[in-house]
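This briefing covers aromatic ring pairs and a charged surface patch. Please consult the structure below alongside the notes that follow.

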Amino acid sequence: MRSTNKIILLLVGAVAAASAIGVWADTGRRAKSRYYYSAGVQEAAQGNEASAYEYFRRAYEADPTYPEAASAYGTRRLYVGVDTLQSDAELGRSLAMMRQYVDAYPDDLYESLYYGFVAGQLEQLDEAVRVLDRTYLHHPESSDVLLQLSDAYAKSGEFGKAVEAMGRYEAQEGMSAPVTTRKISYMLVDKDTVGAVREVTRLVASNPRDASYRILKGNVFDIIQMPDSALAYYKTAETFDPESGAAKLALAGYYQQHGDSVEYDNKMYEVLLVEDLDLDQKTDLTAQYLQSLINDKHETKRGDYLFSVLRNQYPHEPRVLDLAARYSAAKGDFKDAEEQISYALDLDPTNSAFWAQLMMYQSAGDNPASALATFERASKHITPDDNLKFYYASVAQLVKEYDIAADVYRCMIQDTDPSLPLDSAITIRDVRPDISLQDLDRLSRLFTTLGDVYNSADRQQQSWRAYENALELDPANAMAMNNYAYFLSLKGGDLDKALELSGKAISGADADNPTYLDTYAWINYLKGNFEEAEKVQMRALAAMKRDEYVSAEIYDHLGDILARRGNLPGALAAWKEAARIQEENKEQEEESYGKTQQKIKDATPKVSALVEAGAKEVTIDDLLGGDDKTTDGDNTAQPAEK
């Protein structure tokens with residue numbers, strides 16, 4: 001019996017000792033965490049966020065159950081620009097760290113509001129509503145909670161609750177146009193048009209002479225497709241405030257939407273004369289107006305007249321002269337565009353964008369030599385930025401001044417990393433250790449462009465090395481892979497390597513890039529994989545059509561592929577489209593145009609004979625409408641003569 005009691009006492013003592021050790025361990029972890037947390041708070045107060053982040057991380061790792069440390073670390077993890085911490089899983093983990101604090105201290109208004117905002121941004125809407133609802137119970141005086149709560153409800157698709165939350169907000173803060181507008185937007189999305197009209201009518205009744213309220217009601221009627229009522233409210237708003245531009249703009253928009261160009265022009269003329277719109281607003285409006293005329297291929301004399309109103313008001317404003325230059329360029333008058341932007345540069349010689357435009361207009365006006373000289377002149381007034389350097393190099397490449405173009409890119413590489421070798425193969429170890437991801441990406445792109453320049457200059461070994469360096473710095477650089485592969489295929493390089501590079505280029509985010517698909521199809525064609533080439537080239541054609549992108553080369557390659565696949569009528573249609581695009585782009589003097597014309601000349605009599613024998617004539621519309629189709633099973637296509 002005594003021995004049993006002794007054993008029991010020993011066991012009790014052991015348990016007590018173990019409990020004491022556990023308590024001591026917990027206390028030790030919390031103390032260590034608090035030490036790191038306090039240090040992080042001090043660093044943050046002094047603006048040392050990087051150091052604060054490290055202290056908060058250590059605090060959390062020392063005791064993950066310490067709410068203050070978990071919240072501080074989780075909050076800062078949201079802003080760390082590392083891809084692994086910006087994944088959905090890691091962002092959710094950061095939010096979970098923050099949750100400890102808001103659940104431990106539900107009275108902390110600021111932290112709860114921020115947590116609700118983050119949860120909403122991460123689409124964890126139930127969690128956002130849970131915390132914000134609780135926060136409002138603890139702080140019914142805070143209308144900010146209701147704003148966030150209404151937003152969370154709306155994102156969840158619970159528009160009725162969103163409107164109810166805004167109703168509570170309105171009860172606290174009073175009726176206003178922004179509140180009513182928000183309620184109306186929820187109602188319209190919820191297809192509650194009766195409620196939307198009721199709300200805006202309440203707003204108008206609160207101040208019947210306020211023109212902006214009338215405009216808002218007109219907007220609601222316009223949205224719910226009651227145009228006569230919308231027009232009536234816009235006109236009433238204008239009578240209440242005839243010197244304001246807001247009602248005139250609403251009317252101009254109405255007339256444009258309903259195709260009344262005469263009333264639209266008249267109202268835009270009045271808008272430019274009002275005094276409550278500043279120069280920037282008037283310039284933006286005029287730019288939109290002129291762009292709409294150009295896009296719709298309308299008679300530009302309407303734009304000339306309206307633009308003269310703006311120029312008469314501000315004859316010496318650089319921004320108006322800039323718009324004049326852009327407008328002339330859009331109409332194809334590059335000489336006048338050059339003249340107008342030169343006036344703007346006389347007034348603002350340090351404007352880098354104006355110098356770039358002048359170079360652009362000179363180059364487009366078939367005067368690239370002047371564009372090169374303009375860069376040298378600009379360098380006396382400003383330090384050229386990347387945009388200006390890139391344009392200078394591209395113009396130099398256009399006029400076959402390849403050494404100038406290459407020197408520009410080489411200097412930009414050296415500016416980014418002075419220690420990097422330029423004329424030999426590099427490895428990632430050659431890059432400076434403190435380089436940022438942004439600069440690493442920049443270097444990869446610069447080596448890619450340098451490879452393009454060397455290729456144009458027929459300096460193939462230097463070109464291949466530049467592409468290899470680009471891929472060493474960024475193995476996912478799709479442009480480097482595509483260009484390297486394409487030029488390998490054109491210059492008698494390793495076709496197997498070219499196919500592998502091209503396949504990688506279309507395996508990720510650029511899977512539907514029409515240019516990259518064209519490269520992959522063309523290399524398959526060169527390797528004799530004609531069926532695969534046609535399949536991929538039809539994908540390229542579909543992608544080109546979807547992106548509204550135009551490429552003579554894609555059509556030319558398609559013609560070659562279809563001819564080898566036995567579809568000579570389809571090939572002829574593709575070659576004719578390629579020639580049309582070349583002519584439209586004034587490429588008749590180029591070697592590719594001559595080759596395309598020869599293909600058309602050779603194929604035309606053969607296709608005519610096939611059509612006379614009963615084969616179907618193929619048009620470009622047939623090709624555009626036949627996405628992802630091949631000639632397999634098409635008994636109207638006859639074998640082409642080889």
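A residue is called buried under 20% relative accessible area, exposed over 50% and partly exposed in between, with a 1.4 Å probe and protein chains only. The model is predicted: local features need pLDDT of at least 70, side-chain atom pairs count only at pLDDT 80 or more, and totals for chains, interfaces and linings use all residues. Residues are numbered from 1 along each chain as its sequence is written, and side-chain values use heavy atoms, without hydrogens and water.

**Aromatic pairs**

- The whole structure holds 17 aromatic pairs (Phe, Tyr or six-membered Trp rings with centres within 6.5 Å; planes under 30 degrees apart are stacked, over 60 edge-to-face, the rest tilted).
- Y37 and Y66 form an edge-to-face pair, because their ring centres lie 5.8 Å apart and their planes stand at 75 degrees.
- Y37 belongs to helix α1 (residues 2–45) and Y66 to the loop between α2 (49–62) and α3 (67–77), so this pair ties together parts 29 residues apart in sequence.
- Y66 is buried, because its relative accessibility is 8%.
- W522 and Y525 are stacked, because their ring centres are 4.6 Å apart and their planes are at 15 degrees.
- Helix α27 (residues 514–526) carries both W522 and Y525, three residues or about one turn apart, and both residues are buried.
- One aromatic cluster consists of Y35, Y36 and Y55.

**Negative surface patch**

- D241, E243, E275 and D276 make up a negative surface patch (residues with over 30% relative accessible area and no salt bridge, like charges joined within 9 Å; a salt bridge is a Lys or Arg side-chain nitrogen within 4 Å of an Asp or Glu carboxyl oxygen).
- D241 sits in the loop between α12 (227–240) and α13 (245–257), and D241 counts as partly exposed because its relative accessibility is 31%.

Conventions. Patches are made of residues with over 30% relative accessible area and no salt bridge: like charges are joined within 9 Å, nonpolar side chains (Val, Leu, Ile, Met, Phe, Trp, Tyr) within 5 Å. Accessible areas come from the Shrake-Rupley method with a 1.4 Å probe; for residues, only the protein chains shown count as cover. Lys and Arg count as positive and Asp and Glu as negative; His and the chain ends are not counted. The place of a charge is taken as NZ of Lys, CZ of Arg, CG of Asp or CD of Glu. Helices (H or I, at least four residues) and strands (E, at least two) are DSSP runs, numbered from the N terminus.
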